[in-house]
Amino acid sequence: MAVNFGRRELIYGSAVFASSLMLKACSSNNQTTTQSNASGGEGFKIAIALPGVITDKAWNQSGYEGVNLAKQKLGGDIAYVEQVVQADQTETLTDFARKGYSVVFAHGGQFDAAVEQVASQFPNTFFVAVNGSIKGDNIAALRIDHLQGSYLCGIIGASLTKSNKLAYIAGQEFEATQQELRGFELGAKSVKPNIQITSTFTGDWNDVAKGKEATLALISTGVDVIYQWLDSASAAVLQTASDKGVYAFGNTQDQLDVAPKAVLTSAVKRLDIAIAYIAELAKQKQLKGQIYTIGLEKPDILFLGKFGATVPEALKQKALNIKQEIVDKKITFENCKQGGKDTRCVKK
């Protein structure tokens with residue numbers, strides 16, 4: 001059974017939601033009694049809190065697909081809440097825990113503070129901070145090595161720019177987006193040491209108008225390659241780049257088809273597979289209070305998507321060769337995640 005706990009209503013249904021039934025929401029004064037959270041058998045229940053909508057073809061959709069994949073593999077029930085704003089994070093996570101969910105995914109680094117606040121109150125529920133930087137007795141973080149993927153994109157972008165001006169757009173600035181920006185900078189500077197990289201954080205992952213406005217503002221300064229990490233607003237960035245004749249990168253899902261003339265490739269992050277993997281660890285009672293980081297060594301989870309027609313074959317091969325060097329640890333990133341402009345943290 002899949003359950004969507006909206007702020008005002010509960011939706012119960014099958015995996016295809018063929019026979020949904022609308023019920024009034026439980027208020028804070030009418031919470032479901034906390035159940036036993038044994039991680040085996042039919043009692044295993046998975047929930048996810050999402051900052052955006054499950055149809056964004058990006059970050060939130062990948063999270064939703066992850067709990068569905070976990071259900072297929074592991075059985076049990078799943079639940080999700082869409083469009084959880086910062087002010088509602090604690091309440092949403094608390095509600096899941098009180099309803100006896102075995103493992104609760106908080107899908108975004110912006111949930112870290114709420115996870116830390118709630119987890120200590122519910123020791124029988126394991127909380128997973130996706131993109132988080134926290135850990136505890138019943139807290140794990142699931143990280144994609146964003147620096148590795150963006151490093152490859154930086155190499156491609158720097159090889160194709162004519163203005164020597166690149167840009168990075170994301171919804172919020174926290175550790176994961178800082179690492180992705182850092183990787184993009186390092187990759188670009190490995191090709192052109194004096195290249196300029198500008199970063200912009202819109203403050204909203206889903207606001208299409210803000211995404212488009214930020215893109216136009218960057219293009220007006222001469223930027224001709226844009227690496228974006230947004231959710232529902234990502235398509236607006238890619239399409240605006242295409243309209244203005246500049247290049248861009250997809251993120252999380254393979255987004256070449258969104259704007260084929262603009263997208264060079266995508267940093268594909270199969271969070272659905274990663275989430276299902278973490279859920280399986282939880283069910284087997286093997287999940288630990290640590291940060292799980294997955295990089296290019298897991299090619300089914302982090303990889304470059306389809307290449308655009310404007311990317312020369314030699315450049316494709318160069319990027320793929322460097323990817324293999326990273327996997328083989330012939331290229332390593334020592335202290336690169338600490339920020340700064342020093343490129344010597346890349347060891348070859």
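This is a predicted model: local features need pLDDT of at least 70, side-chain atom pairs count only at pLDDT 80 or more; totals for chains, interfaces and linings use all residues.
Thr94 is a residue of helix α2, the helix that spans residues 89-98. The points below take up its contacts, then a pair of packed helices, and then a pair of strands.

**Surroundings of Thr94**
- Leaving aside residues up to four places away in sequence, Thr94 touches Val118 and Phe122.

**Packing of helices α1 and α8**
- Helix α1, made of residues 59-74, packs with helix α8, made of residues 271-283, at an angle of about 45°, and their axes are 7 Å apart.
- That angle makes α1 oblique to α8, and the crossing of the two helices is right-handed.
- On the α1 side the contact is made by Trp59, Ser62, Gly63, Glu65, Gly66, Val67, Leu69, Ala70 and Leu74, while on the α8 side it is made by Leu271, Asp272, Ile273, Ile275, Ala276, Ala279, Glu280 and Lys283.
- Sorted by kind, the residues in this contact of α1 with α8 comprise 10 nonpolar, 3 polar and 4 charged ones.

**Strands β8 and β14**
- Strand β8, covering residues 139-144, runs parallel to β14, and the two strands are joined by 4 bridges.
- Ala141 has Ile291 as its bridge partner in β14.
- Strand β14, covering residues 291-294, has a covered face formed by Tyr292 and Ile294, whereas Ile291 and Thr293 make up its uncovered face.

Terms used
Residues are numbered from 1 along each chain as its sequence is written. Side-chain values use heavy atoms; hydrogens and water are left out. Axes are lines fitted to C-alpha atoms, for helices over the stretch in contact, and angles run from 0 to 180 degrees between N-to-C directions. Angles under 35 degrees count as roughly parallel, over 145 as roughly antiparallel, 65 to 115 as roughly perpendicular and the rest as oblique. A crossing is left-handed if the near helix is turned anticlockwise from the far one by less than a right angle, and right-handed if clockwise. Contact means heavy atoms within 4.5 Å. Ala, Val, Leu, Ile, Met, Phe, Trp, Tyr, Cys and Pro count as nonpolar, Asp, Glu, Lys and Arg as charged, and the others, Gly among them, as polar. Buried means under 20% relative accessible area, exposed over 50%, partly exposed in between (1.4 Å probe, protein chains only). Two strands pair if DSSP finds at least two bridges between them.
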